[in-house]
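Have a look at the structure first, then read on.

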Amino acid sequence: MKSLLIFVHVFLSLGLSAQKFYTKTGITGFKASVEAFESVEAISKSTTAILNAENGEIAALIFVKSFHFDVALMEEHFNENYLDTKDFPKATFKGQLNDFDINKLTNAWTEFKITGTLKIRGIDKVINNVINIKMSNGKIIVNGFLVVSPSDFKIEIPGAVRSKISNEIKVTMNYELVEKK
Amino acid sequence: MSLSKRNKSILTTTFIVSVFLLFIITKILYAPHKKTIDIEASYKGNAADFITDLGSDTTIKIGVIIEILGEVTLLVDSAVTINNRIFCQFSNQKPSFKIGDTLVVKGRYIGYDDLMEEVKLDNCILKQ
């Protein structure tokens, strides 16, 4: 009887534990360049992202310090003067993929609507967007982009460089999520 | 119209000084990134102590270089997890060790990952 109860408990636990996919090395980039001026862009290869494959909940975390610029001084200004990395080291996203069903994923891109909250410098911005997802060799590949503005997160651009930094910043995401076991 | 000897001298000096200034400004503006290997570690110790010291040691700030000794518990592409709690991402070299190996890693502390409940380091290099 006792062993039957243990078996039922283990079976139920397995059944209830959500199937999750994750990455710790997701690629997030952004581009805020203005034509005719020096390129303002950076990339981070350290994004953590987790997808609950059963209900479509998705969360991502990126350490602002991990954004790498080609120009070291630009990276220093980005962290110290604009993103205040010392006080706000993380940017996060928590959201929901609408009508997500892992069983319907194929190796062709499928568009999903995503809604959620992006938090940068401690300021929340509601995001309604579309991202592309596909299944490849057991991995869930997430690919998308969104456009934000420095003013969305109260990032003040000094007058001297205002014309050199775009007001529309294109953020790109490329994550390969593997199953969490 | 020919320039006087004095004017020629002023022009030449101005040109040389301008080129020199431009060189210096470019050197400052486009200085290369500092490499992990060239930066003195702010913290040296073993992985278990680092996790304990994280909340209390004021020298451990976001962006500092640390050097830790620990055991490899997970290998993923270009990264390793040490003592199940410290995720180290290598920038150039692919890790060629196996689970259970003891190693010393030097890298940049970029923060605590709430989602994975582990510390994250990037720009890591292998010390031994």
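Across the interface of chain A and chain B of this predicted model, the rule finds 3 salt bridges, each a side-chain nitrogen of Lys or Arg within 4 Å of a carboxyl oxygen of Asp or Glu. In one of them, A:Lys24 pairs with B:Glu118 at 2.9 Å, N to O. On the chain A side, β1 (20–31), β2 (41–52), β3 (57–63) and α2 (72–82) each give two or more residues; helices (H or I, at least four residues) and strands (E, at least two) are DSSP runs, numbered from the N terminus.

In all, 27 residues of chain A are in contact (heavy atoms within 4.5 Å) with 23 residues of chain B. The two chains bury about 2000 Å², 63% of it on carbon and sulfur atoms; this is the accessible area (1.4 Å probe) lost on being put together, summed over both. A:Lys24, A:Phe63 and A:Lys65 lose the most area on the chain A side, together 31% of what that side buries.

Now for the residue classes:

Residues are numbered from 1 along each chain as its sequence is written, and chains are lettered from A in the order in which they are written. Local features need pLDDT of at least 70, side-chain atom pairs count only at pLDDT 80 or more, and totals for chains, interfaces and linings use all residues, while side-chain values use heavy atoms, without hydrogens and water.
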